[in-house]
Amino acid sequence: LGVGAYVLARGWFTWPVALLSSLLTMALPEMSIWGRQVMLEVPTAAFLVWSVVWWLRYERLQSGVALRLALLFLLAAMYTKLTAVFILPAFALHACFSPRRALLFRPRPVVEAAVILGFGVLPLVWLTMVFGQANVQSTSGIPDATVGRATIAGWLWYARQLPSQLTWPL
């Protein structure tokens, strides 16, 4: 995750700033907490960062290899933790509004990407259909939730937690 954060930041900043941002990413209290747990947030974040690195490299170089690597890292993130699927709309919006929108009109890489993603997600869809119901029941039927899911407070709860999670250096 730290190396990926450095490579990603290096695309926009000088190396000292990229190094600092990568160190700050690794020094987040949440990384320390989740890194010591038997949870998959940190590996998922690492796969997602590398997926974005390769996605942006695809945009810059228009390389089919970079696109395939971006999708393979995305699939790894999705298999690690299913919530990683929510980066797909961000990739789609980026492709639509990027100055290099022509990326969408390169048929061969886009078709290959769709095939890789389609076949890659089939087992995940099957696993979710077979075993996912237990996850839905365990998260949607909790009567002791602090805030309701259908309220503004429920939607803003995580945003309100950010200052305590990021701490003063960030």
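The conversation below takes the terms one at a time.

Modeller: This is a predicted model, in which local features need pLDDT of at least 70 and side-chain atom pairs count only at pLDDT 80 or more, whereas totals for chains, interfaces and linings use all residues. Residues are numbered from 1 along each chain as its sequence is written, and side-chain values use heavy atoms, with hydrogens and water left out.

Colleague: How many helices and strands are there in the chain?

Modeller: There are eight helices and zero strands, where helices (H or I, at least four residues) and strands (E, at least two) are DSSP runs, numbered from the N terminus.

Colleague: Why is the pair of Phe47 and Phe73 called tilted?

Modeller: Rings of Phe, Tyr and Trp (its six-membered ring) pair if their centres lie within 6.5 Å, and planes under 30 degrees apart count as stacked, over 60 as edge-to-face and the rest as tilted. By this rule the count comes to four aromatic pairs. Phe47 and Phe73 are 6.4 Å centre to centre, with 40 degrees between the planes, and the pair is tilted. Phe47 lies in helix 4 (residues 41-61) and Phe73 in helix 5 (residues 64-80), so the pair ties together parts that are 26 residues apart in sequence.

Colleague: What makes the pair of Trp55 and Tyr58 tilted?

Modeller: Their ring centres are 6.0 Å apart and the planes stand at 50 degrees, so this pair is tilted. Trp55 and Tyr58 both lie in helix 4, three residues apart, which is about one turn of the helix.

Colleague: Why does Tyr58 count as buried, and why is Phe47 called partly exposed?

Modeller: Buried means under 20% relative accessible area, exposed over 50%, and partly exposed in between (1.4 Å probe, protein chains only). Tyr58 has 3% relative accessibility and therefore counts as buried, as does Trp55 at 12%. Phe47, with a relative accessible area of 28%, is partly exposed, and Phe73, with 24%, is partly exposed.

Colleague: How do you know that the charged end of Arg57 sits over the ring of Trp54?

Modeller: The term requires NZ of Lys or CZ of Arg within 6 Å of the ring centre and within 35 degrees of the ring normal. The charged end of Arg57 sits over the ring of Trp54, 4.8 Å from its centre.

Colleague: What share of the contacts in the chain with a separation of 6 or more comes from residues 24 or more positions apart?

Modeller: With contact meaning heavy atoms within 4.5 Å, such residues account for 63% of those contacts.
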